[in-house]
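Open the model in your viewer and keep the selection panel at hand.

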Amino acid sequence: MTNPLLQPSTLDFELPDYAAITDADVREALDAGMSQQIEELDAIATNTDPATVENTLHAWERSGQILSRTLNAFWVAKSADTNPERDAIVAEYSPRLAGHSDAILLNSALHERLQQLATRRDDGEVALDTQDSHLLDERLREFRRNGITLEEQDKTRLRQINAQLADLATRFQQHITEGRNAASLLVKRESELDGLSSAERDGARALAEASGQQGWLLPLVNTTGQPVLASLRNRDLRRKVYTASISRGLVGEHDTRQLVLDTVALREERAHLLGFEHHAAYVADDGCARTTENVTAMLQRLAPGVLQIVQREAAALQKLFAEDHPEGTFEPWDWEFYAARAAAANAVDADELKPYLEFERVLTHGVFAAATRLYGITFHERPDLVGYTDDARVFEVREETGDVLGAVIIDPFTRPTKQGGAWMTSIVEQSHVLESKPVVTNTCNFTEPAPGAPSLLSWDNVITLFHEFGHDLHGLLSDVRYPSRSGTAVPQDFVEYPSQVNEIWAWEPALIEDYAVHHATGEPMPTALRDALVATRAEGIGYDTYEKLAAMMLDQSWHTTPASQLPSTPGDVERFETAALESWGMAFPLIPPRYRTTYFAHVFAGGYSASYYSYLWSEVMDADTVAWIRDNGGLTRDVGERFRRRLLGRGGSQPAMESYQEFRGSLPDEIHLLARIGLT
């Protein structure tokens, strides 16, 4: 049979034919795709005609179709539903793909071809519009940042480093996925689960049965904090869950510490090769922040105030704890439980909320409905189209006119073969050059209900769903010429901004009234409970901000500390963490970082190394934008249209902050974030 990845899919939206694709097809297509793209780019580099937009920029953007089609189809399936063969493919091909990238960005002839086009533009021989010029400048900058000016021996070493880093990232991800599954807690006595709903217990029992065990299995999520800690009344079980979470990657076959040490050492060596003081400087140079000093200044401005807020929150929770344990000591595994109790005292009980937060209703009457009211787009399930797993559902997205815009694939529930966290990916990038419509995914790790039971979400789950859909909208509403500049192809410290803005609609009272409906009775959430929920939006913001801020500081410390001062053995990793937070003035043992080093996938397996700060950097723009939205009508088509046309639709087709200023009319004002956190 013909390999379906070797030619464009004939399915709607060019959706990969997952029912026909085999893992063997992926190997063949990766080999063919890399070979094809090198040939196509060599043809551009050796073209003797004068460089033009068509024979250089357009030709490059059209190159490598087999490779991009294969990678887009494979990575989302591997991340969401891996198996030993898919793991083996990643292990084998990650270094080869790094080498493929080096073969392109260290190709002097290709670089000279781009320079020739830039010279012709600057001399007025050819006209380039804004999108053409931005792409050309970004390509040339990529070459500079990736070592095109290095001596040959340094280029050879750079290739070696990039291959090793790709291998280390793959191994880190595999270790933490397997380690997260291995750290799941099996509970033998149902009485220990006091506080969990019957639906949650049924789900835990189903997970245990699926793994061939008797009892109730409590899986871990990727973050340090675990949702069940807010509900479990059994303090000893809370301690076990917390300990299992923070111990991941420290011992045994899933120990990631040596991988971390090898990674940070290689990253520093590469940064020095490329002329940067350290890896963090190399990363910041590619973002809106521009310098590590700007990143450090932002984190340091917030740290003292945030620390004071969490100290006040801790004092209040310790009083509640003392009512139950007069002689006990308040511990990290108690925080979420008593925070939930404090919220319940303010008329917002997490367990009382859940029956009103059924996944399907939140998705259709909340997430989708907000997008319809803002952008006029509608969502129509396509059961005839197969996603990358049986659990994934495909929705066609249509414009207000009825024209088809693209598609979104929803995959909400956790499974042992899925990596932790939540994310969006693009399977097909929107592009006018390729005449392609966007296909994006929304992948979460909500607890799957037992068969026949409703999927009831926590409030954090609801926020996650809105957040990831903000990324989806960035991809779906892209309106650019070039696929490499489509949707979320923006600087790392800008990419989280649209998704954070989309979170505000979860709190919209008119939407809550529609999507927060009791799954059994059909009754809307009581007005008093809804109003109390909206009123408590700022509760726990100190905890949430602190744990993220601590993780950002940890990330910066790993990537700004000279190699001579980094841990020399795996046993020193925990001590480095402690010392790092102390050096930032952020040592507060009751709240660990959102991710500890040993399971910090964003930094050691994803694309956020030295840029986890981007969530906070983006939140400055988010808070500023929310203030503008509040002052300009809220959830309306006028607001949505402006945000769509002037920002989301721009993707990476022009400098990110130009898009921001075009939308907002000014640079972001930090005062709105400070007010949100409670620091003004």
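**Stop 1: a pocket lining**

Select the lining of the second largest pocket: ten residues are nonpolar, one is polar and three are charged. Here Ala, Val, Leu, Ile, Met, Phe, Trp, Tyr, Cys and Pro count as nonpolar, Asp, Glu, Lys and Arg as charged, and the others, Gly among them, as polar. This is a predicted model: local features need pLDDT of at least 70, side-chain atom pairs count only at pLDDT 80 or more, and totals for chains, interfaces and linings use all residues. Residues are numbered from 1 along each chain as its sequence is written, and side-chain values use heavy atoms, without hydrogens and water.

The pocket's volume is about 300 Å³. Centre the view on Thr 578, Leu 581, Pro 589, Pro 592 and Pro 593, the closest to the pocket centre of its 14 lining residues. A pocket is an open set of points on a 1 Å grid over the protein atoms alone, where a 1.4 Å probe fits, with protein on both sides within 12 Å along at least five of seven lines; lining residues have an atom within 4 Å of a point.

Now colour helix 9 (235–246) and helix 21 (573–583); each supplies at least two lining residues. Helix 21 gives the most, with four. Helices are DSSP runs (H or I, at least four residues), numbered from the N terminus.

**Stop 2: a loop serine**

Go to Ser 611, in the loop between helix 22 (601–604) and helix 23 (614–631). Ser 611 counts as buried because its relative accessibility is 1%; the cut-off is under 20% relative accessible area, with a 1.4 Å probe and protein chains only. Show its contacts (heavy atoms within 4.5 Å). Beyond neighbours within four places in sequence, they are Val 283, Gln 492, Asp 555 and Gln 556.

**Stop 3: cysteines**

Select Cys 288, buried at 17% relative accessibility. Then pick Cys 444, buried at 1%.

Technical notes: Grid points are joined across faces, edges and corners, and a volume is the space filled by probe spheres set on the points. Buried means under 20% relative accessible area, exposed over 50%, partly exposed in between (1.4 Å probe, protein chains only).
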